[in-house]
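Hi,

Here is the structure I said I would pass on.

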Amino acid sequence: LVLADRDARAFLNRAMVHLNEKGASRRTLTDAVSLLSDAGTADDYLRHTAAHGRTLGARKDMPGRALVPAGALALEMALHEEQERRILEGELALLETAWREAEEIAAIADKLTLAPDAKG
């Protein structure tokens, strides 16, 4: 099965939870964090894993390409980190829009002049 970009990410988000459902030892977790750290960013790890044709399970026709437990955990962590980053970027975009609107309202308010008091 070959999936591209958005479809691959959606599939992997679901698949990795099931693949790693038994949890991980402290050593596997440490190794997964090291793999992510060595890659640079979560997105770099995802690209590296895809570029090297890693598989989720062992295959006789592709020996040595299966993700080891630490690699599978790192892949799940990278997918979640990337998803969180995208959510935060969306929230930041909303905040930026609200800030610009507030600035526009403030500029309009600064230009308004109050009518002098009729009694004074």
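A question to start with: is A93 buried, exposed or partly exposed? At 39% relative accessibility, A93 counts as partly exposed, where buried means under 20% relative accessible area, exposed over 50%, and partly exposed in between (1.4 Å probe, protein chains only). A93 sits in helix 4; helices here are DSSP runs (H or I, at least four residues), numbered from the N terminus. A10 is 83 residues from A93 in sequence and 23 Å from A93 in space, C-alpha to C-alpha.

Before the rest, some housekeeping. This is a predicted model, so local features need pLDDT of at least 70 and side-chain atom pairs count only at pLDDT 80 or more, while totals for chains, interfaces and linings use all residues. Residues are numbered from 1 along each chain as its sequence is written, and side-chain values use heavy atoms, with hydrogens and water left out.

Now helix 4 itself. The buried residues of helix 4 are A70, G71, A72, L73, A74, L75, E76, A78, L79 and E82. They pack against helix 1, helix 2 and helix 3, with contact meaning heavy atoms within 4.5 Å.

Y45, in helix 3, is buried with a relative accessible area of 7%. Leaving out residues up to four places away in sequence, Y45 touches L35, L36, A39, L67, G71, A74, L75 and A78. A78, with neighbours within four places set aside, is in contact with L36, A42, Y45 and L46.

Over in helix 2 there is T28, which counts as buried at 17% relative accessibility. Beyond four places in sequence, T28 touches P69, A70 and L73.

Last, the second largest pocket, with a volume of about 150 Å³. A pocket here is an open set of points on a 1 Å grid over the protein atoms alone, where a 1.4 Å probe fits, with protein on both sides within 12 Å along at least five of seven lines; lining residues have an atom within 4 Å of a point. The volume is the space filled by probe spheres set on the points, which are joined across faces, edges and corners. Of its 13 lining residues, L19, N20, V68, P69 and A72 are the closest to the centre. Helix 4 (residues 69-111) gives the most to this lining, with 3 residues.

Cheers

Note on methods. Helix = DSSP H or I, 4+ residues; strand = E, 2+ residues; numbered from the N terminus.
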